[in-house]
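Subject: Structure for you to look at

Hi,

Have a look at it first, and then read on.

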Amino acid sequence: LLRIVNNKGQILVDPGGKTPGRGAYICPNKVCLEKAKKANKISKALKTSISEEIYNNLMEEIGNVMKE
């Protein structure tokens with residue numbers, strides 16, 4: 001699983017799992033992120049609204065993690 005964290009209002013992918021802040025876990029593929037976005041699951045888990053730009057950044061970072 002891949003951790004996504006809300007660190008003082010900044011939404012980040014946390015592959016190491018060490019970044020402080022409220023976290024949520026998602027399987028590391030784009031299909032899971034799309035499903036979570038559609039159901040608004042990440043916003044609920046992190047207790048913050050997430051913009052389309054942030055979702056695009058998360059998609060890009062998940063793509064980079066999948067390559068590694």
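Let me start with burial: 32% of the 68 residues of the protein chain count as buried, where buried means under 20% relative accessible area, exposed over 50%, and partly exposed in between (1.4 Å probe, protein chains only).

Two notes on how to read the values. This is a predicted model, in which local features need pLDDT of at least 70 and side-chain atom pairs count only at pLDDT 80 or more, while totals for chains, interfaces and linings use all residues. Residues are numbered from 1 along each chain as its sequence is written, and side-chain values use heavy atoms, with hydrogens and water left out.

**Overall fold**

The protein chain has 3 helices and 3 strands, arranged along the sequence as β-β-β-α-α-α. The radius of gyration is 11 Å, close to the 11 Å that the globule rule gives for 68 residues, so the protein chain is as compact as a globular protein of that length. Helices (H or I, at least four residues) and strands (E, at least two) are DSSP runs numbered from the N terminus; the radius is taken over C-alpha atoms, and the globule rule is 2.2 Å times the number of residues to the power 0.38.

Along the principal axes, the C-alpha atoms fill a box of roughly 30 × 25 × 20 Å. Taking contacts (heavy atoms within 4.5 Å) between residues at least 6 apart in sequence, 40% join residues at least 24 apart.

The accessible surface comes to about 4500 Å², and 50% of that belongs to carbon and sulfur atoms. These areas come from the Shrake-Rupley method with a 1.4 Å probe; for residues, only the protein chains shown count as cover. As for charge, the mean positions of the 12 positive and 7 negative charges lie 10 Å apart. Lys and Arg count as positive and Asp and Glu as negative, with His and the chain ends not counted; each charge is placed at NZ of Lys, CZ of Arg, CG of Asp or CD of Glu.

**The disulfide**

How many disulfides does a search of the whole structure find? There is 1, formed by cysteine 27 and cysteine 32, with sulfur atoms 1.6 Å apart; the criterion is a pair of cysteine sulfur atoms within 2.5 Å. The link between cysteine 27 and cysteine 32 is left-handed, with -130° about the S-S bond. Both ends are partly exposed: cysteine 27 has a relative accessible area of 22%, and cysteine 32 has 21%.

**A strand and a helix**

Leucine 12 sits in strand β2 (residues 10-14) and is partly exposed at 24% relative accessibility. Beyond its neighbours within four places in sequence, leucine 12 contacts Arg3, Ile4, Val5, Asn7 and Thr19. From leucine 12 to isoleucine 54 it is 42 residues in sequence and 8.7 Å in space, C-alpha to C-alpha.

Isoleucine 54 belongs to helix α3 (residues 52-67) and is partly exposed, at 23%. Its C-alpha atom is separated by 18 Å from that of methionine 66, 12 residues away along the chain.

**Two loop residues with positive phi**

Lysine 8, in the loop between β1 (2-7) and β2, has phi near 55°, a positive value in a residue other than glycine. Lysine 8 is exposed, with a relative accessible area of 83%.

Asparagine 40 is in the loop between α1 (30-38) and α2 (41-46). Asparagine 40 is not a glycine either, and has a positive phi of about 60°; at 36% relative accessibility, asparagine 40 counts as partly exposed.

Best wishes
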